[in-house]
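Subject: Structure handover

Hi,

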Amino acid sequence: MELVISLRPAPAIARLPDPQIRKLYPQMRWRILESTFIGYATFYFVRNNLPVVSKEMGQALGYGKAQIGDMLALTAIAYGIGKFLMGAWSDRSNPRYFMPAGLLLTALCNFAFGAVSSYPLHLALWTLNGLVQGMGWGPCGRSLGHWYSVRERGTIFAFWNIAHNVGGGLTGLIAAYSTAWMGWRSAFYVPGVLAILCAVYLVLRLRDTPQSVGLPPVEEYRNDYPGKPDRETELGTRDLLINYVLKNKYLWVFAAANFFVYIARYSMLDWGPTYLKEVKHASLENGGLSTAIFEFAGIFSTILMGWLSDKTGGRRGMISLVCMVPVFLAFGGILYTPPGMLWLDLTLFGIVGFFVYPPVMLLGVTGLDFSSKKAVGTAAGFIGLFGYLGRTVQGKGLGTLAERYGWNAALYAILASTFAGILLLGLTWKLKPRNVQVTVS
């Protein structure tokens with residue numbers, strides 16, 4: 001009962017004197033950005049570790065590519081569903097406890113996964129892991145939406161979004177070197193321990209809304225809406241799901257585009273290390289290095305494109321489309337690069353990572369742009385659900401294509417999906433958040 005109560009949104013407290021507000025607000029904004037950044041990066045340690053060691057685990061336990069593909073596919077759909085459902089729950093929860101609870105649950109899944117050798121158990125545990133992983137993005141979106149205003153949203157979310165790259169890149173190194181030193185099971189034990197430590201850190205550092213610590217709403221602090229009453233209402237489930245999401249035609253377009261963007265993103269994360277080992281004769285360490293290069297390459301570009309999307313009036317779709325064109329070209333380069341030129345393959349991995357992460361970030365921000373900060377978890381979860389449906393398709397589809405028809409067939413499928421994403425993003429070229437922004441008073 002105590003846990004259920006603590007997950008509810010923190011109530012507003014008496015407003016602090018103005019001198020304290022001016023001193024505390026900048027400190028708390030940085031504190032929220034810092035803690036959500038580190039917390040979300042840690043979620044990657046216990047989510048993206050499987051692809052890095054899937055070949056070694058498969059060899060040890062006799063799993064084929066189709067079986068690994070089933071594991072990735074079920075995990076992806078579970079994460080998509082979890083991101084939507086947990087996102088809706090997070091909109092009505094306190095991030096200070098909601099996010100650490102997710103880390104603890106996913107750490108337990110990792111410990112159990114590393115301890116067993118049964119395929120049905122591995123399938124069930126990694127699917128459950130995908131579901132509770134959905135507790136990561138929602139509280140971050142709620143926190144940033146309450147502490148940072150619409151005028152700075154693209155830049156701030158862009159900076160925060162490199163948590164994906166830092167977490168994903170470190171995961172490749174942690175999982176690969178843990179496996180090389182202690183065996184494939186350690187690739188799940190070590191991240192699990194790190195997740196538990198981070199959960200404790202979040203409870204100590206993270207807080208809910210500005211009002212819950214005696215501060216005014218961010219719109220008043222940033223003068224985005226002068227004269228707006230100091231009142232905010234938490235939305236009910238029906239408003240969140242129906243009025244702010246399912247009836248919102250803009251979110252449907254962004255969600256459909258996200259389906260194909262995620263195929264492009266996760267094709268190289270889920271299958272890139274295995275592809276390089278089997279086709280380009282890369283070592284285990286170089287396979288892990290490819291993940292790090294892919295992730296770290298997106299850091300600068302995500303910040304740059306987030307800032308640029310603010311400068312273009314919030315045209316996130318336009319910026320996303322521009323980024324997906326070089327992603328398409330880089331995949332073509334990977335397809336035709338001959339074995340023995342690993343440096344070029346790694347360079348092309350970096351190009352894909354450089355350009356695919358801005359759309360990943362920007363399409364998530366549209367969930368806040370085109371709904372409300374009170375519905376950000378639900379809206380972003382809806383867009384994310386379509387993204388992870390895309391990951392589900394590629395997780396199963398690419399593994400099957402590679403096993404039956406070879407890796408070239410899988411690469412052609414990735415190219416087709418990337419092109420489809422470009423076409424859908426074309427429909428969002430002129431969309432700006434101010435045209436449809438919904439506010440809550």
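Arg-15 has a relative accessible area of 39%, so Arg-15 is partly exposed. Please keep in mind that this is a predicted model.

**Salt bridges**

A search of the whole structure turned up six salt bridges. Three of them are described here, beginning with the partner of Arg-15.

Arg-15 pairs with Glu-220. Their closest N and O atoms are 2.6 Å apart. Arg-15 sits in the loop between helix H1 (2-6) and H2, and Glu-220 in helix H10 (residues 218-221), so this bridge ties together parts that are 205 residues apart in sequence. Glu-220 is partly exposed too, because its relative accessible area is 31%.

Next comes Arg-205 with Glu-34. Here the closest N and O atoms are 2.8 Å apart. Arg-205 belongs to helix H9 and Glu-34 to helix H2, so the pair links parts that are 171 residues apart in sequence. How exposed are the two ends? Arg-205 is partly exposed, with a relative accessible area of 27%. Glu-34 is at 17%, so Glu-34 counts as buried.

As background, side chains of opposite charge can pair when their charged atoms come close.

**H2 against H7**

Helix H2 (residues 18-45) packs on helix H7 (residues 137-147). The axes are 10 Å apart and the angle is about 165°. Angles over 145 degrees count as roughly antiparallel, and H2 and H7 therefore fall in that class. Their crossing is left-handed.

Which residues make the contact? From H2 come Tyr-25, Met-28, Arg-29, Ile-32, Leu-33, Thr-36 and Tyr-40. From H7 come Trp-137, Cys-140, Ser-143, Leu-144 and Trp-147. By class, the H2 and H7 contact has nine nonpolar, two polar and one charged residues.

**H3 against H13**

Helix H3 (residues 49-61) and helix H13 (residues 272-279) have axes that come within 7 Å. They cross at roughly 40°. H3 and H13 are therefore oblique to each other.

On the H3 side, the contact uses Pro-51, Val-52, Ser-54, Lys-55 and Glu-56. On the H13 side, it uses Pro-273, Thr-274 and Lys-277. The class count for H3 with H13 is three nonpolar, two polar and three charged residues.

**Gly-192**

Gly-192 is placed in helix H9 (residues 186-205). Is Gly-192 buried or exposed? Its relative accessibility is 0%, so Gly-192 counts as buried. Leaving out residues up to four places away in sequence, Gly-192 touches Val-46, Ala-107 and Phe-111. For a distance reference, take Gly-192 and Ile-351, which are 159 residues apart along the chain. Their C-alpha atoms are separated by 31 Å.

**To check on your side**

When you load the model, start with the Glu-220 and Arg-15 pair at 2.6 Å. Then look at the left-handed crossing of H2 and H7.

Best wishes

Notes:
Residues are numbered from 1 along each chain as its sequence is written. This is a predicted model: local features need pLDDT of at least 70, side-chain atom pairs count only at pLDDT 80 or more; totals for chains, interfaces and linings use all residues. Side-chain values use heavy atoms; hydrogens and water are left out. Axes are lines fitted to C-alpha atoms, for helices over the stretch in contact, and angles run from 0 to 180 degrees between N-to-C directions. Helices (H or I, at least four residues) and strands (E, at least two) are DSSP runs, numbered from the N terminus. Angles under 35 degrees count as roughly parallel, over 145 as roughly antiparallel, 65 to 115 as roughly perpendicular and the rest as oblique. Contact means heavy atoms within 4.5 Å. Ala, Val, Leu, Ile, Met, Phe, Trp, Tyr, Cys and Pro count as nonpolar, Asp, Glu, Lys and Arg as charged, and the others, Gly among them, as polar. A crossing is left-handed if the near helix is turned anticlockwise from the far one by less than a right angle, and right-handed if clockwise. Buried means under 20% relative accessible area, exposed over 50%, partly exposed in between (1.4 Å probe, protein chains only). A salt bridge is a side-chain nitrogen of Lys or Arg within 4 Å of a carboxyl oxygen of Asp or Glu.
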